[in-house]
Amino acid sequence: MSVRLIIHRAGPGLSVQDLGRSGYLVFGLSRGGAADRLALYEGAALLGHDPSTAAIEMAGLGGTFEVTHDTRIALTGAPMGATLQDGTVLRWNASHLLPAGVHLTIGAVRAGSYGYLHLGGGIASELQLGARSAHLASGLGARLTDCTELPLGRDAGGAVNMTLEPEPRLEGGRLRMVPSLQTGLFGDAEVARFQEVRFSRDSRANRMGVRLLPEGQGFALEGGLSVLSEVIAPGDIQVTGDGTPYVLMSECQTSGGYPRIGSVLPCDMPRVAQAQAGAEFRFTLVSLDEAIELERRALADLERLPSRLAPLLRDPASMRDLLSYQLVGGVTAGRELDEGL
């Protein structure tokens with residue numbers, strides 16, 4: 001049985017994303033993959049998938065979708081309005097059954113930046129360099145458009161109508177960072193000030209990087225433009241010539257010459273990805289040993305996600321399909337009990 005996802009209407013920021021590609025930095029290709037990797041792990045927990053399963057990433061706006069056979073789905077990341085064509089509203093951060101031929105419409109984000117549509121079996125498009133992610137900055141793959149059809153993998157099956165309380169990450173917050181190769185060039189006083197001021201997320205942000213506007217004076221480094229280009233990675237905080245820091249994201253370039261004052265821990269990167277314009281951040285410098293321990297804890301939390309699933313409670317007043325539910329299973333008229341006395 002071949003199952004396909006049909007995209008009738010695509011928002012401008014739709015793409016297929018998984019955990020990305022590793023091992024291609026030497027060829028000038030960064031990892032790429034989902035902007036909010038945590039959302040992939042949450043979707044995997046809801047559907048019983050491997051976290052590397054490809055999903056639809058929706059930047060700011062969703063679209064209208066249809067499947068050719070009944071398909072389990074899950075919705076994670078930045079919450080968006082999700083409605084079936086009969087008017088049924090679907091809960092975010094939950095799994096559902098999408099019937100064949102029924103249109104699912106996903107609207108604009110209500111908070112955050114990136115929402116994710118996960119499908120049972122995952123997107124089964126052709127592998128490119130070992131992954132299915134579109135790497136838009138390099139031209140590997142492309143954004144999804146109206147009338148696109150995508151194959152789905154075989155779904156092993158599992159429960160639906162389950163929910164998962166997401167990790168808070170939609171409104172900025174504190175970002176932990178480790179020293180980078182050029183941290184010492186800024187001097188102790190500037191590194192300390194970097195941890196004291198507030199930063200606001202600028203409107204200029206994409207899958208390559210997020211610009212942060214500091215409160216007060218910037219962090220320009222004398223001679224900073226003479227730093228030799230070298231390898232860079234997602235999470236690095238580059239400071240441009242005007243003193244403005246950029247946090248590099250999943251599709252960042254693989255080398256650069258701007259000085260780096262630090263590097264954000266991977267476990268904190270979903271906060272950067274999901275922040276909307278105006279969201280506030282503060283930075284805290286931690287040692288490498290502390291960072292390793294924090295990452296170990298974060299990994300343990302990811303492994304525990306399936307244990308946090310809970311049944312999705314629905315309001316009977318809003319259930320259009322109420323009559324299809326067995327609400328009185330196990331109830332008797334009492335005769336059997338009387339006869340047994």
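Residues 24 or more positions apart account for 78% of the contacts in the chain with a separation of 6 or more, a contact being a pair of heavy atoms within 4.5 Å. The model is a predicted one, in which local features need pLDDT of at least 70 and side-chain atom pairs count only at pLDDT 80 or more, while totals for chains, interfaces and linings use all residues. Numbering starts from 1 along each chain as its sequence is written, and side-chain values use heavy atoms, with hydrogens and water left out.

The chain contains 5 helices and 21 strands; these are DSSP runs numbered from the N terminus, with helices (H or I) of at least four residues and strands (E) of at least two. Its C-alpha trace spans about 90 × 50 × 30 Å along the principal axes. Of the 341 residues in the chain, 46% are buried, where buried means under 20% relative accessible area, exposed over 50% and partly exposed in between, with a 1.4 Å probe and protein chains only. The accessible surface of the chain is about 16400 Å², and carbon and sulfur atoms hold 54% of this surface; areas were computed by the Shrake-Rupley method with a 1.4 Å probe, and for residues only the protein chains shown count as cover.

Val-247 touches, beyond residues up to four places away in sequence, Gly-209, Val-210, Leu-212, Gly-235, Asp-236, Ile-237, Val-264, Met-269, Val-272 and Phe-283.

Ile-237 leads on to strand S16 (residues 236-239), from which Ile-237 and Val-239 point one way and Asp-236 and Gln-238 the other, all of them buried. Strands count as paired if DSSP finds at least two bridges between them. S16 runs antiparallel to strand S17 (residues 245-248), joined by 3 bridges, with Val-239 opposite Pro-245 in S17. These two strands form a hairpin with 5 residues between them, and Gly-243 in the turn has a positive phi of about 85°. S16 also pairs with strand S19 (residues 260-264), again in the antiparallel sense and over 3 bridges; here Ile-237 stands opposite Gly-262. S19 is mostly covered, with 5 of its 5 residues buried. Strand S12 (residues 173-178) pairs with S19 as well, antiparallel over 2 bridges, and Val-178 has Ser-263 in S19 as its bridge partner.

The structure holds 6 aromatic pairs, a pair being rings of Phe, Tyr or Trp (its six-membered ring) with centres within 6.5 Å, called stacked if the planes are under 30 degrees apart, edge-to-face if over 60 and tilted otherwise. The rings of Phe-194 and Phe-283 have centres 4.8 Å apart and planes at 35°, so this pair is tilted. The two residues are 89 residues apart and link distant parts of the chain, with Phe-194 in helix H2 (residues 187-194) and Phe-283 in strand S20 (residues 280-285). Phe-194 is buried, at a relative accessible area of 0%, and Phe-283 likewise counts as buried at 0%. Ring pairs join Phe-194, Phe-199, Phe-219 and Phe-283 into a cluster. The charged end of Arg-193 sits over the ring of Phe-219, 4.0 Å from its centre; the criterion is NZ of Lys or CZ of Arg within 6 Å of the ring centre and within 35 degrees of the ring normal.

Two threonines complete the description. Thr-53 is placed in the loop between helix H1 (37-47) and strand S3 (55-59). Beyond its neighbours within four places in sequence, Thr-53 is in contact with Gln-17, Asp-18, Gly-121 and Gly-122. Thr-53 and Val-160 are 107 residues apart in sequence and 18 Å apart in space, C-alpha to C-alpha. Thr-148 belongs to strand S10 (residues 148-151) and counts as buried at 16% relative accessibility. Leaving aside neighbours within four places in sequence, Thr-148 is in contact with Leu-5, Ile-6 and Ile-7.
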